[in-house]
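Dear colleague,

I am passing on the structure we discussed, and below it you will find my notes on what turned up when I went through it. Please read them with the structure open beside you.

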Amino acid sequence: MSLKYNEILQELQKANTKLVLVSKTKPIDQLQYFYDLNQRDFGENRVQELVLKNETMPKDINWHFIGHLQKNKVKYIAPFVHLIHAVDNLELLKEINKRALSNNRIIKVLFQIKIAQEDSKFGLSQEHCLQLLKDSSFTELENIQIIGLMGMATFTNDISQVRNEFKQLKTFFDSLKQTYFKDNNNFIEISMGMSGDYKIAIEEGATMVRIGSLIMGSRK
Ligand SMILES: *Cc1c(COP(=O)(O)O)cnc(C)c1O
């Protein structure tokens, strides 16, 4: 387990890319194993599971919520979540802002942008993302910080398609950076790449990859 982990860490270090270790469905002792190897960023996609793990594990972990988040569950993770990766609508953003405020904190989020060809994936189209940024109520949200974009490529063996989708996300990130986030030094992250496509993601400019099964073993 740690051999693969070390190998991947070295690859990521060369590219200055952060590893979010996706620990969903895995038991605490497996997370603790990687914590003891100095891993601090973990990704989960179920609220209840994340809350439980947060209660049990050391307090200096950065918990990343990487899944689809329902509005009515934001309150459970708002006190401690480090980064919410997959925000794709204004209502959710408002709720995160509200709960951040009541916890007296600023919560960092990424906009999930739809880059895959598949219909089933969540995410904003580039057009909708632009609309959201222009919405007057967006500027009133003072307890959230948009620190970048997240995307998931199509699940396919077609490497050039995956590469193109990652390129799309990087291009969109760059254009937002030059327009809406011009004077904003916090807009810096591109979260893309999983077990099967992280190498391509690094080449295309990922600042963060979300890897689970390749390091922690397959999930049931
Ligand atoms: C599960 C998951 C991952 C990690 O998937 P692996 O293929 O196990 O690396 C990454 N991102 C999201 C959003 C996920 O739900």
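In this model, which is a predicted one, an oxygen atom of the ligand is placed 2.5 Å from an N or O atom in the side chain of Ser195. Arg210 also brings a polar side-chain atom to the ligand, at 2.9 Å from one of its nitrogen atoms, whereas Ser213 takes part through its backbone, where an N or O atom lies 2.8 Å from an oxygen atom of the ligand. The ligand taken alone would expose 390 Å², and 89% of that is buried by the protein.

Most residues other than glycine have a negative phi. Thr25, however, which is not a glycine, has a positive phi of about 70 degrees, and this residue lies in the loop between strand 1 (18–22) and helix 2 (28–36). Asn38, likewise not a glycine, has a positive phi of about 90 degrees; Asn38 belongs to the loop that runs between helix 2 and strand 2 (41–44). With a relative accessible area of 58%, Asn38 counts as exposed, because that value is over the 50% cut-off.

Notes
Residues are numbered from 1 along each chain as its sequence is written. This is a predicted model: local features need pLDDT of at least 70, side-chain atom pairs count only at pLDDT 80 or more; totals for chains, interfaces and linings use all residues. Side-chain values use heavy atoms; hydrogens and water are left out. Helices (H or I, at least four residues) and strands (E, at least two) are DSSP runs, numbered from the N terminus. Buried means under 20% relative accessible area, exposed over 50%, partly exposed in between (1.4 Å probe, protein chains only). A polar contact is a pair of N or O atoms within 3.5 Å; within protein, one must be able to donate a hydrogen and the other to accept it, and residues adjacent in sequence count only if both atoms are side-chain atoms. Accessible areas come from the Shrake-Rupley method with a 1.4 Å probe; for residues, only the protein chains shown count as cover.
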